[in-house]
Amino acid sequence: MSDEEEEEQSGTKKIVLPEYMTRTNELRQDLFEKILVLAGEGVAKHKLQKDIAQHVKQALDTDQECNELVGKGPWQVIVGRSFASAVTHEAMHICFFDLPKYQETFLIYKSLGVQSV
């Protein structure tokens, strides 16, 4: 029996991570893998970098599993081939990686929550 037939019988679908090269990752492994899948979906569905970034950001902001830090800021997503940045982020909530197949680089982090005065 092939893997595809087993998947059909069990009713589950395997999640395939795109090939990636990690530059920095301070996220939990399960959250990092979810972001890799979202990034892969984004580059497959959209051509423009701004649309890829929006796809990933919307998914992260609406997923309760990705927002376990109550009262903290939203996710920020930067997609491009060449960019510079200096960011302030929540501890343990940043990843910086490449998808070589698509020649895209991703910087994804959770921004600090804004406190009212």
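Visitor: Hi! I'm starting with Phe97: buried or exposed?
Guide: Phe97 counts as buried, with a relative accessibility of 0%. Keep in mind as we go that this is a predicted model.

Visitor: Got it. How many aromatic pairs does a search of the whole structure find?
Guide: The search turns up four aromatic pairs. One of them joins Phe32 and Phe97, whose ring centres are 5.8 Å apart, with 85° between the planes, an edge-to-face arrangement.

Visitor: Where do those two sit in the chain?
Guide: Phe32 belongs to helix H2 (residues 29-45) and Phe97 to strand S3. They are 65 residues apart, so the pair links distant parts of the chain.

Visitor: And Phe32, buried or exposed?
Guide: Phe32 is buried, at 2% relative accessibility.

Visitor: Which residues form the aromatic cluster?
Guide: Tyr20, Phe32, Phe97 and Phe106 make up one aromatic cluster.

Visitor: Let's step back. How many helices and strands are there?
Guide: The chain has three helices and four strands.

Visitor: How many bridges join S2 to S4?
Guide: Six bridges join these two antiparallel strands. If you'd like one to look for, Trp75 has Lys110 in S4 as its bridge partner.

Visitor: New topic: how many salt bridges does a search of the whole structure find?
Guide: It finds seven salt bridges. In one of them, the side chains of Asp98 and Arg23 meet, with 2.8 Å from N to O.

Visitor: What about Asp30, which residue does its side chain meet?
Guide: Asp30 meets Arg28 in a salt bridge, at 3.0 Å from N to O. Asp30 is partly exposed, with a relative accessible area of 39%, and Arg28 is partly exposed as well, at 37%.

Visitor: And which residue does Glu104 meet?
Guide: Glu104 meets Arg81, in a salt bridge of 3.5 Å from N to O. This pair also links distant parts of the chain, 23 residues apart: Glu104 is in strand S4 (residues 104-111), and Arg81 is in the loop between strand S2 (75-80) and S3.

Visitor: Arg81, buried or exposed?
Guide: Arg81 is exposed, with a relative accessible area of 56%, whereas Glu104 counts as buried at 5%.

Visitor: Which residues do salt bridges join into one network?
Guide: Lys34, Asp63 and Glu65 are joined that way, through salt bridges that share partners.

Visitor: How many disulfides does a search find?
Guide: Zero, across the whole structure. As for cysteines, Cys66 is buried at 1% relative accessible area, and Cys95 is buried at 0%.

Visitor: What share of the chain's residues count as buried?
Guide: Of the 117 residues, 33% count as buried.

Visitor: Last one: of the contacts between residues at least 6 apart, what share join residues at least 24 apart?
Guide: In this chain the share is 55%.

Conventions: Residues are numbered from 1 along each chain as its sequence is written. This is a predicted model: local features need pLDDT of at least 70, side-chain atom pairs count only at pLDDT 80 or more; totals for chains, interfaces and linings use all residues. Side-chain values use heavy atoms; hydrogens and water are left out. A salt bridge is a side-chain nitrogen of Lys or Arg within 4 Å of a carboxyl oxygen of Asp or Glu. Buried means under 20% relative accessible area, exposed over 50%, partly exposed in between (1.4 Å probe, protein chains only). A disulfide is a pair of cysteine sulfur atoms within 2.5 Å. Rings of Phe, Tyr and Trp (its six-membered ring) pair if their centres lie within 6.5 Å; planes under 30 degrees apart count as stacked, over 60 as edge-to-face and the rest as tilted. Two strands pair if DSSP finds at least two bridges between them. Contact means heavy atoms within 4.5 Å.
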